[in-house]
Amino acid sequence: QLQASGGGLVQAGGSLRLSCAASGRTPSSTNMGWFRQASGKEREFVAGISGNGGSTGYADSVKGRFTISRDNAKSTAYLQMNSLKPEDTAVYYCAAVRLGATWSSPYQYWGRGTLVTVSS
């Protein structure tokens, strides 16, 4: 089970940190990722991190602004979002156990989303 939290309303230029806690059968040391889905749009990849945290990947739209990290002792992944823009408004989902070779590949486990709203 994955539980995402930390969403909310923020002004453009502001910051938020999302958390994703893994529990139950979800492996704690596995590839994890963040995706988002804006209203009326398809879900898109945002960021991914390897099981030991040594490798990360980002969508071009968030590079330099978002940082993914993890704390395996807490079975938790994070997404630090800085310099937020109105176009970052979306429901953000965390996922675990990547099924393919690329960061944007499908994942086995998905958490409920957390809404991020960025006002202009």
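**Disulfide and salt bridges in close-up**

**View 1. The salt bridge of D60 and K63.** D60 pairs with K63 in a salt bridge, and their closest N and O atoms are 3.2 Å apart. A salt bridge is defined here as a side-chain nitrogen of Lys or Arg within 4 Å of a carboxyl oxygen of Asp or Glu. With a relative accessible area of 65%, D60 is exposed; the terms are buried for under 20% relative accessible area, exposed for over 50%, and partly exposed in between (1.4 Å probe, protein chains only). The model is predicted: local features need pLDDT of at least 70 and side-chain atom pairs count only at pLDDT 80 or more, whereas totals for chains, interfaces and linings use all residues. Residues are numbered from 1 along each chain as its sequence is written, and side-chain values use heavy atoms, with hydrogens and water left out.

**View 2. The salt bridge of R36 and D88.** Side chains of opposite charge can pair when their charged atoms come close. The side chains of R36 and D88 form a salt bridge with an N to O distance of 2.9 Å. R36 belongs to strand β4 (residues 32-37) and D88 to the loop between β8 (76-81) and β9, so this pair ties together parts that are 52 residues apart in sequence. Strands (E, at least two residues) and helices (H or I, at least four) are DSSP runs, numbered from the N terminus. R36 and D88 are both buried.

View 3. R65 counts as buried at 11% relative accessibility, and D88 counts as buried at 0%. Through salt bridges that share partners, R36, E44, R65 and D88 are joined into one network. The whole structure contains four salt bridges.

**View 4. The disulfide of C20 and C94.** C20 is joined to C94 by a disulfide with an S to S distance of 2.1 Å. The link connects distant parts of the chain, 74 residues apart, with C20 in strand β3 (residues 16-22) and C94 in strand β9 (residues 90-98). A disulfide is taken as a pair of cysteine sulfur atoms within 2.5 Å, and the count by this rule is one. The link of C20 and C94 is right-handed, with 65° about the S-S bond. C20 is buried at 0% relative accessibility, and C94 is buried with a relative accessible area of 1%.
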